[in-house]
Amino acid sequence: MIPLFKQSIAIVLIASVAINSFAEERDPHEVKDLRYGEALYHFYQEQYFTSITNLMVAKERNPITAQEIDPELLLGGLYLYYSLHQDASNIFTDLIEKNTSEEIQDRAWFNIGKMRYQGHLFNEAKQALVKVKESLSTEREAERQNMLANTYLKQKDFTAAYESIKQLDAHPDWLMYAQYNMGVSLIKSGKNREGTDLLNKISSLKTDDDELKALRDKTNIALGYAYIRQNLPKVSTKYLQKVRLKGPLSAKALLGIGWAYQQQNLLEKALVPWMELRDWPVIDTAVQESLLAIPYTLEQMGKNQLALMNYNYAIDDYKKELTNLKYSIRAVKAGELLLALRPAIVTENILATEYKKELPKSISVPYLRYLLNKVDFQIIHKNYLDLIYLQKNLSKWKQQFSAYYLMLKERAAYYQKQQRSTKKDSRLNLIISLKNRRDKLALKVQQIKQQQDIYALATEDEKGLISNLNKIKKSLQRLKNKNEYTEENEKYNLFRGLLLWDISTDFTPRYWKVKNELNQLDKALNISTKRLSSLKQSTINAPLSFSGYKKRIRDKEKKLDQLLKKVTYITRSQEKQIEKQALDSLQQRYHQIENYHTRASYSLARLYDRLTLPAKITKTPDQQPNIDKREGK
Amino acid sequence: MLHKNFKYLTTILLIMFVSTATFAEEKSPVLEKQVQSLKKEVLELNKELFILEEDLLFPANTQFSIFLSMDIGNLFDLDSVQINIDGDNVSNHLYTLREINALKRGGVQKLYLGNIASGEHELVAFFTGKGPSKRHYKRGTTIKIEKTSAPLFVELKIIDNLTKQQPEFKTKVWE
């Protein structure tokens, strides 16, 4: 499987380095605010859109303060992911201005430096990166030195770059890449000896790592072609032969070996790698170049018939390739490339999934591999994918609006219905009469206590007995002059005394029982009062759940409609940009092959002329195929 | 691996800017700026819509959220969580490896967002997974909660008790 953009995987990295540096240094987190924890939960799952939404909402509602600057750093990193450089810069600058700890300042300067570096503002990047002191992790520090080295190289300050590279000794991986960058830069500046010395350190690198193997191949190609340019073909061959036979640079290595032999006038030897390339796919520019180099060399060797034959082969191959390119150009114009690049499933971590999948099935894609690997194309492509996701997100919100309006309508209808039935409900007034009755009762209990009115707390049986005793008393009063009732009088007094004794001794417990019941009544009334108050409050608040939202929803819907139009328009512009870049790239390839084709046709005609009219032929200055031996062409 | 990739990226960046004279000087094209500004606008609107929806669907006086977090999480391999409120099942969640990793790294999952009436409620959470001896493990935890007019947040925490070598399931009500 060939993952899409395998060669550079640049954009995923551009997008994720800032936030990953954050994650690496801060993992594991102590969560003191649930909202921050939630943002982290999505962040760790590469759901950056939800994560940034969580942080932005928290910031708007009630900023997270319990996590110190962590949320700000995360938000800054996420802004960078979405290429919102100004917002990210504001956050990091703010952290610096807040006079935070050296560690935070270092991280903020590091991120600002990296941001500027990615934006190709190398001088500004250097100014930020040099402000970092000593608190970065060793890994981040190595990255900083690497960026610094590259900014110095950009300014051709090789001494300063070398000083930064020396700091990478403890990080062999970083060191290799930095040395490669510096070596290539030195050679391009004409400092061949210094450049080749550095590149030689990578040239024979022993490694099992595929990426480092690829770097070693690149180094050997760079060295090989550098020596060809310096007219040192034997040295060149030594390096070109180190390039792996099965790799993306093998064709270029074989082509270079041929040119190195050619330079030494070892024409037969030169033909060997080129003839090998003849059976390779013509899509490779090195193969295209070798197609013309073969007959040219054969002609030099005096093997004119073979040269004629191979010029014809080359012309045929170029024609086929031109036809293929025509189809590809037509396909791109018809939108086939966009169809291939458009993700089948639009998810939140669309970027990660898109860059892991195989190259899209498009007839133009094989010709666009170089373009697809270019960082500036990948930036456009990332923006395109971002826009597709944002468009989907807005469309999802758009669908919600009808439900919101319906909800408001239902809420209003329900409220009115409830209000009507509540108004009719007599139970709402009951509480007032209950309260009055309770107050009367409480007053009575108070009087009983004050007056020590023991009869008031008598039981029904006792009250019956008292009533009977009162009747007996009346009867006895009527018979008071008759001595024969003395015993009855004594009995009456005894019974009355016993009854009063029972009631009066039980007065306190009875009083407290009544008091307790009164308290329970108070509690029950209290709950009812609260519920009534809550009901009244709800009646007041309920309209807020629908009346205030209508305008808010309408405003947002209007804004959303405008943004959707804008997203659609800019997505289309982005698509046009992708198509334009693809077409430019294909046209460039087309012209290059057309040029080879013209040269092959001209050479063929010239050779025919020479063979048929030998006396008249004079060697033209443009006989040699205009082969550019510069690496990277 | 990532940093290696990044180094490769920087290599490519460098190759490009040393070999293309105009590349570094290239300013951000108009379209790119438009895209950036649009992204900011969409993010802002998304935030506003998120707040609007929350206000509309989950007003503060009834809003109730349940979160789940892990402290280390080595003694319990979480498979699923079931949430019951007052005897009604309101949420079930089956975990992916990606989610478990996010939890172990300190992420906090919003497991449930809903509305409940003011007053006392009972929340029961059942955790299913594999315990320390890799045997099937099901635990429940119950908490009585009092809903007032303010939003209510409850955090369910899975904690490794290293002394007992057992997972513990705790709850915390956030102010």
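**Figure 1. Overview of chain B in the predicted model.** Chain B contains three helices and eight strands. The model shown here and in every following view is predicted. Read from the N terminus, the elements of chain B follow the order α-α-β-β-β-α-β-β-β-β-β. Chain B has 175 residues, of which 51% count as buried.

**Figure 2. Salt bridge between B:Lys40 and B:Glu44 in chain B.** The closest N and O atoms of B:Lys40 and B:Glu44 are 3.8 Å apart, and the two residues form a salt bridge. Both residues belong to helix H2 of chain B, where they are four residues apart, about one turn of the helix. B:Glu44 counts as partly exposed because its relative accessibility is 23%, a value that falls between the limits of 20% for buried and 50% for exposed. The pair also takes part in a network of salt bridges that links A:Glu60, A:Asp87, B:Lys40, B:Glu44 and B:Lys47. Over all chains, the count of salt bridges comes to 40.

**Figure 3. Salt bridge between A:Lys566 and B:Glu41.** The side chains of A:Lys566 and B:Glu41 meet in a salt bridge with an N to O distance of 2.6 Å. A:Lys566 lies in helix H27 of chain A and B:Glu41 lies in helix H2 (residues 30–57) of chain B, so the pair joins two chains. A:Lys566 is partly exposed, at 33% relative accessibility. B:Glu41 is likewise partly exposed, at 31% relative accessibility.

**Figure 4. Salt bridge between A:Glu557 and A:Lys398 in chain A.** Side chains of opposite charge can pair when their charged atoms come close. In this view, the side chains of A:Glu557 and A:Lys398 meet in a salt bridge at 3.5 Å, N to O. A:Glu557 is part of helix H27 (residues 549–612) and A:Lys398 is part of helix H21 (residues 375–424), both of chain A, so the pair ties together parts that are 159 residues apart in sequence. A:Glu557 counts as buried because its relative accessibility is 17%, and buried means under 20%. A:Lys398, with a relative accessible area of 31%, is partly exposed.

**Figure 5. Surroundings of the buried residue A:Glu348.** A:Glu348 is placed in the loop between helix H18 (336–341) and helix H19 (350–356) of chain A. Although buried, A:Glu348 has no salt bridge; A:Lys396, the nearest side chain of opposite charge, is 8.5 Å away. Two backbone nitrogens are shown with the side chain of A:Glu348. A polar atom of this side chain lies 3.1 Å from the backbone nitrogen of A:Phe49. The side chain of A:Glu348 also reaches the backbone nitrogen of A:Thr50, at 2.5 Å.

Figure 6. A:Glu46 has a phi near 60°, a positive value in a residue other than glycine. This residue is found in the loop between helix H2 (34–43) and helix H3 (48–61) of chain A. At 27% relative accessibility, A:Glu46 is partly exposed. For A:Gln452, phi is near 50°, again a positive value in a residue other than glycine. A:Gln452 is placed in the loop between helix H22 (427–451) and helix H23 (460–478) of chain A. The relative accessibility of A:Gln452 is 44%, and the residue counts as partly exposed.

**Figure 7. Patch of negative charge on the surface of chain A.** A:Glu484, A:Glu487, A:Glu488 and A:Glu490 gather on the surface in a patch of negative charge. One of these residues, A:Glu490, is placed in helix H24 (residues 486–505) of chain A. A:Glu490 is exposed because its relative accessible area is 54%, and exposed means over 50%.

**Figure 8. Nonpolar surface patch of chain A.** A:Leu306, A:Met309 and A:Tyr313 make a nonpolar surface patch of about 250 Å². A:Tyr313 lies in helix H17 (residues 304–333) of chain A. With a relative accessible area of 35%, A:Tyr313 is partly exposed. The residue can therefore be part of the patch, since patches are made of residues with over 30% relative accessible area.

Methods:
Residues are numbered from 1 along each chain as its sequence is written. Chains are lettered from A and ligands numbered from 1 in the order in which they are written. This is a predicted model: local features need pLDDT of at least 70, side-chain atom pairs count only at pLDDT 80 or more; totals for chains, interfaces and linings use all residues. Side-chain values use heavy atoms; hydrogens and water are left out. Patches are made of residues with over 30% relative accessible area and no salt bridge: like charges are joined within 9 Å, nonpolar side chains (Val, Leu, Ile, Met, Phe, Trp, Tyr) within 5 Å. Accessible areas come from the Shrake-Rupley method with a 1.4 Å probe; for residues, only the protein chains shown count as cover. A salt bridge is a side-chain nitrogen of Lys or Arg within 4 Å of a carboxyl oxygen of Asp or Glu. Buried means under 20% relative accessible area, exposed over 50%, partly exposed in between (1.4 Å probe, protein chains only). Lys and Arg count as positive and Asp and Glu as negative; His and the chain ends are not counted. The place of a charge is taken as NZ of Lys, CZ of Arg, CG of Asp or CD of Glu. A polar contact is a pair of N or O atoms within 3.5 Å; within protein, one must be able to donate a hydrogen and the other to accept it, and residues adjacent in sequence count only if both atoms are side-chain atoms.
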